[in-house]
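Student: I have a new structure to look at and would like to learn how to read it. Could you take me through it feature by feature?

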Amino acid sequence: MVRPGGRAPGLSFSSMTEPSHLTATRTFYDAIAADYAEHFAKELQAKPLDRAMLAAFAELVRTTGGGPVVEVGCGPGRVTAYLHSLGLDVFGVDLSPAMVETARRDHPDLRFHVGSMMDLDLADGALGGVVAWYSLIHTPPELLPATFAEFRRVLAPGGHLLLAFQVGDGPLRVAEPFGHPVALDFNRLAPDRIADSLDQAGLAVRARLVREPDATEKVRQAFLLAGKPV
Ligand SMILES: C[S@@+](CC[C@H](N)C(=O)[O-])C[C@H]1O[C@@H](n2cnc3c(N)ncnc32)[C@H](O)[C@@H]1O
């Protein structure tokens, strides 16, 4: 699927000037892909409310035509695979080639591509759903409106968006994860501000869940469901 007006095939950011946050994010996740995949492989099993939001999203997509769904920032593909188990025609996109390689290894029946959520190689209105599950957290806040505009562009009218992120203000620096010599900022976000930003991008917020941290988490977790109006 080639996006009209998009980048020329084969021309990647690395051959132009790539925004520094993308380079930093890729370097970080390339280093930790295998450890991350192993650590989080079964995480959803212990998170019923998170699964409930994914199930609601899947039902909404199925009942409004079931068009293809992308998980942007899919990492090792565990959430992509869960959405597939809920009956969705879903594929994953991630900035990190090592994450995409890991996702293909762990889920050989599913499709995963290297790419950026800020510049998806998809036609306008191609999708019934977009999921960004803890993957917006490395995008500088000033670039979130443009990212939401990109989600709106690729969604068909009536399509659905699901976001998950940690609640808070400002970034948290994570250094030497799993003992690897890398570091990256993780942005904690304010659900009301994200909801306003979605609204301004033309994505109507339909539901928001903020739950308390469980034993493995330090802060509250937010889940926002939005849709592109018909
Ligand atoms: C915390 S991990 C979450 C992975 C997966 N969604 C999960 O829950 O297991 C964040 C992922 O988002 C990806 N990512 C961050 N910014 C991205 C962007 N602009 N485009 C595509 N992927 C991105 C990273 O490479 C990383 O794999």
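This is a predicted model: local features need pLDDT of at least 70, side-chain atom pairs count only at pLDDT 80 or more; totals for chains, interfaces and linings use all residues.

Student: Where is T25, and what does T25 touch?

Tutor: Helices (H or I, at least four residues) and strands (E, at least two) are DSSP runs, numbered from the N terminus. T25 sits in helix α1. Contact means heavy atoms within 4.5 Å. Leaving aside neighbours within four places in sequence, T25 is in contact with L95, H138 and L184.

Student: How do I read a nonpolar core, and which residues of the largest one touch the most other members?

Tutor: A nonpolar core is a set of buried Ala, Val, Leu, Ile, Met, Phe, Trp, Tyr and Cys residues joined through side-chain atoms within 4.5 Å. The largest one here has 58 residues, and W133, F148, F151 and L163 touch the most other members. Strand β5 (residues 155-166) gives this core its largest share, six residues. There is also a second, separate core of six residues, including C74, A81, L110 and F112.

Student: Which residues of helix α5 are buried?

Tutor: In α5 (residues 144-154), the buried residues are L144, T147, F148, E150, F151, R153 and V154. Their cover includes β1 (69-72), β4 (127-133), β5 and α6 (191-200). Take F148: not counting residues up to four places away in sequence, F148 touches L136, L163, I194, S197, L198, A201 and L203.

Student: How many residues surround the ligand?

Tutor: A residue is near a molecule if one of its heavy atoms lies within 4 Å of it. By that rule 20 residues surround the ligand, and the closest are E71, G73, R78, D94 and W133. Helix α1 gives the most to this shell, with four residues.

Student: Which polar side-chain atom lies 2.6 Å from a ligand oxygen?

Tutor: A polar side-chain atom of D94 is the one 2.6 Å from an oxygen atom of the ligand. A backbone N or O atom of M117 lies 2.9 Å from a ligand nitrogen, and a polar backbone atom of W133 is also 2.9 Å from a nitrogen atom of the ligand. Taken alone the ligand exposes 600 Å², of which the protein buries 98%.

Student: What should I notice about the backbone of E176 and F178?

Tutor: Most residues other than glycine have a negative phi. E176 has a positive phi of about 55°, and F178 has one of about 50°. E176 is in the loop between β6 (170-175) and β7 (183-188), and F178 lies in the loop between β6 and β7. E176 counts as exposed at 55% relative accessibility, whereas F178, at 40%, counts as partly exposed.

Methods
Residues are numbered from 1 along each chain as its sequence is written. Side-chain values use heavy atoms; hydrogens and water are left out. Buried means under 20% relative accessible area, exposed over 50%, partly exposed in between (1.4 Å probe, protein chains only). A polar contact is a pair of N or O atoms within 3.5 Å; within protein, one must be able to donate a hydrogen and the other to accept it, and residues adjacent in sequence count only if both atoms are side-chain atoms. Accessible areas come from the Shrake-Rupley method with a 1.4 Å probe; for residues, only the protein chains shown count as cover.
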